[in-house]
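The sequence and model come first.

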Amino acid sequence: MKLALSWVQLVVVVCLSAYATAILPLPRKVRCRAPLPLRSRCLVNVFFLCPLECPQTCLMDCIFCKPVCVCNIPGAFCQDPRFVGGDGITFYFHGKKNQDFCLVSDSNLHINAHFIGKRNPNLKRDFTWVQSMGIMFDNHKMLIAAKTTSTWDDNIDRLSISFDNDLISLPTKVGSKWDSKDNINNRVTISRTSDTNGVIVEVGGNFRVTVNVVPITKEESKVHGYGITEDDCFAHLEVAFKFYNLSDAVDGVLGQTYRRNYESKINVNTPMPVMGGAHKYRTSGIFATNCMVSRFGKISTQKEIVAQKMGLEGLKCTSGMQGKGLVCKN
């Protein structure tokens, strides 16, 4: 009898495992690609699985040799936009649906975001997500956008990228790469991190950004009351920037948090710490530089450069990578 019961249990376990594998995608494998000595303890050919909370959107921290969720590192913004500032503090900036806002503005870098969303009659604000980014640097313009879609399929690429008004075509295969072939100081490379919906864009000497396109799932909509219907799953961007050459005059929703003298006024003790002042960051278009805090094209009087050269290892977080108020010191 005991033997029969154990066989029944085994069959149930096997069936459940097969069902879970068919429904849920397996966690993505990542490995450290950094040169020595940045990967001092991390072997280059050893792969790790993404954490359960971000099975498809993680990066390797080559110093601590472990995978970390893209949305939890400084320079990230995801979800109903949840930002992690350069100072390590987590906050929300809701903006407004169908409008554009300045996220970073410096003398040679300007980043706008287009917000999409739905109105919740029970709230005084929109539910919002970042649908696209307009990035300007030197004399170039780059648009990174999530395509509108009703039904989500992980096997269909919903990521659109254009550079100086030319659409970039990348084969849907992890590792596919596009190169602007400029000199190393402003060379632009785009590499797929997965077959579809994930890339890393790097502009030499300026910034690197990890981008993933994700939908609002039925489960998320039910839990948060988003009211997502079958005609639009509100595909949006999950983004993590690393900046190499910001000045101490940088501004914008995210940019200001990289200034050395920046003091956050956000109340991190609330359930949802929110950055206000949306009017200061509103701009007239995805490539417009007319927000009130714009610094683009202006010669900075600050000689000091705020550079993230240490990466994740430069942050000693007292409250972990998640939570209401992620406070870190460089």
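Which cysteine does a disulfide join to Cys54? The partner is Cys69, at an S to S distance of 2.1 Å; a disulfide here is a pair of cysteine sulfur atoms within 2.5 Å. The model is predicted, so local features need pLDDT of at least 70 and side-chain atom pairs pLDDT 80 or more, while totals for chains, interfaces and linings use all residues. Residues are numbered from 1 along each chain as its sequence is written, and side-chain values use heavy atoms, without hydrogens and water.

The structure holds 4 disulfides. Three of them are tabulated here.

| Pair | S to S distance |
|---|---|
| Cys32 and Cys62 | 2.1 Å |
| Cys54 and Cys69 | 2.1 Å |
| Cys71 and Cys78 | 2.1 Å |

The S-S torsion of Cys32 and Cys62 is about 120 degrees, so this disulfide is right-handed. The pair links distant parts of the chain, 30 residues apart: Cys32 is in the loop between strands S1 (29-30) and S2 (48-49), and Cys62 is in the loop between strands S3 (58-61) and S4 (66-69). Strands are DSSP runs (E, at least two residues), numbered from the N terminus. Both Cys32 and Cys62 are buried, meaning under 20% relative accessible area with a 1.4 Å probe, protein chains only.

For Cys54 and Cys69 the torsion is about -85 degrees, so the disulfide is left-handed. Cys71 and Cys78 have a torsion of about -95 degrees, so their disulfide is left-handed.

The sulfur of Cys102 has its closest cysteine sulfur in Cys291, at 3.4 Å, too far for a bond. Cys102 is buried at 0% relative accessibility.

Note on methods. Helices (H or I, at least four residues) and strands (E, at least two) are DSSP runs, numbered from the N terminus. Buried means under 20% relative accessible area, exposed over 50%, partly exposed in between (1.4 Å probe, protein chains only).
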